Amino acid sequence: MDRTRNFTFADVAQPTHRPLGAPRYSDVIISSRWPRPMSAGDPYDTFEAARGFHATRIDWLYLTEGNQRHDVAAFVAKLKAEGYFVTGALNSKLPDTVNGASRNRGRVLNADGEPVALPWLPEAWNGDPTSPDWHAIWMMHATTMVDAGVDALQNDDPGWMFSQRQACHTETCLRRAEALGADVNSNEFKVAVTRDFFETVFMELDAYAEGHVPVSANNFKGLWEQQIPNLHELFDFGMAEIDDFDIGDNTALLQRLRDMGKPQVFTYRTDDVSALRRFIAHTYAAGAHTIAPWDVYAGSQVPRLYTDPAAVADLYGFVRAVTSYLDGYEDAAVGGYDLEESRYPVPPLEVLAGSDQLSLFARARPGDPEAPVVIHLLDASDSPERATLRIRTANAFGRAAFAARLLVPAPYDKETHNHAEESGDYAALQTELPVTVDIDGGWAVVETPPVTPWGILVLTQK
């Protein structure tokens, strides 16, 4: 890119690859890990939660594991009838039969002939990727969900050969290691058999479905390279649990994943509602997603998270209200707290006054200089303040002046949210706050009220 030229945000924003099955920028995701209620006494309900968070997708849903009380096809059909995109889930410890409990066939054995589990899931014995039995078990679960009508699949723990911290000493593993000329304990062997397994079952699954079945993977904090080298080549997009958050680091990570063509979905393992709200806002501002904090794993020593929708539904409702300013918009510039911009001769976004933790994310429609530009404001401080921003006018629309308005989530009101969900009209879940715009040389100086923690500044040409 010629850094001497005054590029507009629409020039810098680039189209990104959105694989089949990946969420739209405006999607809202919940992860009912199992169909709920699971019993007469279960206080949780998948459909009630989906409505409470304004979900468009149900991802990471175990439909075939663990003596479910629901008929797989009937439950998926009910979800689809409500208009949800549905992603069924698989993992490294699937039972021998659909909705079964035994795990005896095709399992990894250690040097003493004992079955092996992940350290945090004792007695949930892992499948042996070299075993024909495990291959058949994985395909049985996958094809059952495809037959039921799921839109995609999610595979948890794709790097289980590494994370189980044991080598595989089954007869088929030993024969495969010998054929590869590799030590069964080596990373070389584990990488080879993991890749072979997924390449084989994905090819067979697509042939079975007579078309591509999208499969996402749990990719450990979004860091594909920390599991299997080039693991991202096998999967369509990533879903990851994360339990720490740095705006600068996470923004850089999402930029790398965008360049790889791998959309990213997170669950944030925290019961700190303020931190959770900032994380949700950040992922949408940076072009990713946070699964709603309901039926979410928070660690092996703590209860699962079942957050009341009232704590965060204003943010997810806002997403549904501003769909037109999310879908089709791509990263164009960043600025403010913990962010550096190097794509322009002069950084186009500045925070002149206000909170010392206000970050800015400009997004634009690639190649569309007439479309509005949006700047996401994320205030990570405990006490957000009024802010003064500077936006370089040449980068906005290539001209001296523009108009601006600030959209923010409307304060949560259960009745209003219920009406929006019932009617499908989410306009009431956003509100507009007053801003002022003054031109000072080649800059627009914009005064905004506080955002707590998220708002979208919409710029339009005059």
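A pocket, on a 1 Å grid over the protein atoms alone, is an open set of points with protein on both sides within 12 Å along at least five of seven lines, and a lining residue has an atom within 4 Å of a point. That is the rule I kept beside me for these entries.

**Ground rules**

I am working with a predicted model, where local features need pLDDT of at least 70, side-chain atom pairs count only at pLDDT 80 or more, and totals for chains, interfaces and linings use all residues. Residues are numbered from 1 along each chain as its sequence is written, and side-chain values use heavy atoms, with hydrogens and water left out.

**Entry 1: the largest pocket**

I began with the largest pocket, which holds about 820 Å³ of space. A volume here is the space filled by probe spheres set on the points, and grid points are joined across faces, edges and corners. Which residues lie nearest its centre? I noted Trp-120, Asp-156, Asp-157, Glu-241 and Tyr-297, out of 31 lining residues. Helix α5 (residues 160-163) gives the largest share of that lining, three residues. For the numbering, helices (H or I, at least four residues) and strands (E, at least two) are DSSP runs, counted from the N terminus.

I then sorted the lining of the largest pocket by type and got 12 nonpolar, nine polar and 10 charged residues. My classes: Ala, Val, Leu, Ile, Met, Phe, Trp, Tyr, Cys and Pro are nonpolar, Asp, Glu, Lys and Arg are charged, and the others, Gly among them, are polar.

**Entry 2: the second largest pocket**

Next came the second largest pocket, with about 420 Å³ of space. It is lined by 20 residues, and Glu-48, Ala-49, Gly-52, Pro-309 and Lys-414 are the closest to its centre. The largest share, five residues, comes from α12. By type, I count eight nonpolar, five polar and seven charged residues in the lining of the second largest pocket.

**Entry 3: the cavities**

A cavity is a set of grid points where a 1.4 Å probe fits but cannot get out. How many cavities of 30 Å³ or more are there? The count comes to two.

The largest cavity has a volume of about 220 Å³. Its lining has 22 residues, and those nearest the centre are Tyr-25, Leu-254, Arg-258, Ala-286 and Gly-287. I found that α8 (247-260), β11 (330-336) and β13 (358-364) each supply at least two lining residues, and that α8 gives the most, with five. The lining of the largest cavity divides into nine nonpolar, seven polar and six charged residues.

The second largest cavity has a volume of about 30 Å³. Tyr-25, Tyr-284, Gly-287, Leu-326 and Arg-363 line it, and they divide into three nonpolar, one polar and one charged.

**Entry 4: around strand β3**

Is β3 (residues 85-90) mostly covered or mostly open, I wondered, and what I wrote down is that five of its six residues are buried. Buried means under 20% relative accessible area, exposed over 50%, and partly exposed in between (1.4 Å probe, protein chains only).

Two strands pair if DSSP finds at least two bridges between them. Strand β2 (residues 57-61) pairs with β3 in the parallel sense over three bridges, and Arg-57 has Phe-85 in β3 as its bridge partner. On pairing with strand β4 (residues 152-155), β3 is again parallel, over four bridges, and Leu-90 stands opposite Asn-155 in β4. From β3 the chain crosses through helix α4 (residues 132-148) to β4, a right-handed β-α-β crossover. Right-handed means that, with the strands pointing away from the viewer, the path from the first strand over the helix to the second runs clockwise.

**Entry 5: the disulfide**

I searched the whole structure for disulfides (a pair of cysteine sulfur atoms within 2.5 Å) and found one. It joins Cys-168 and Cys-173, with the sulfur atoms 2.2 Å apart. Why is it called right-handed? The torsion about the S-S bond of Cys-168 and Cys-173 is about 95°, so the disulfide is right-handed. Cys-168 is buried at a relative accessible area of 0%, and Cys-173 also counts as buried at 0%.

**Entry 6: Val-12**

Last, I looked up Val-12, which lies in helix α1 (residues 9-12). Val-12 is buried, with a relative accessible area of 5%. The C-alpha atoms of Val-12 and Asn-395 are separated by 9.4 Å, though these residues are 383 residues apart along the chain.
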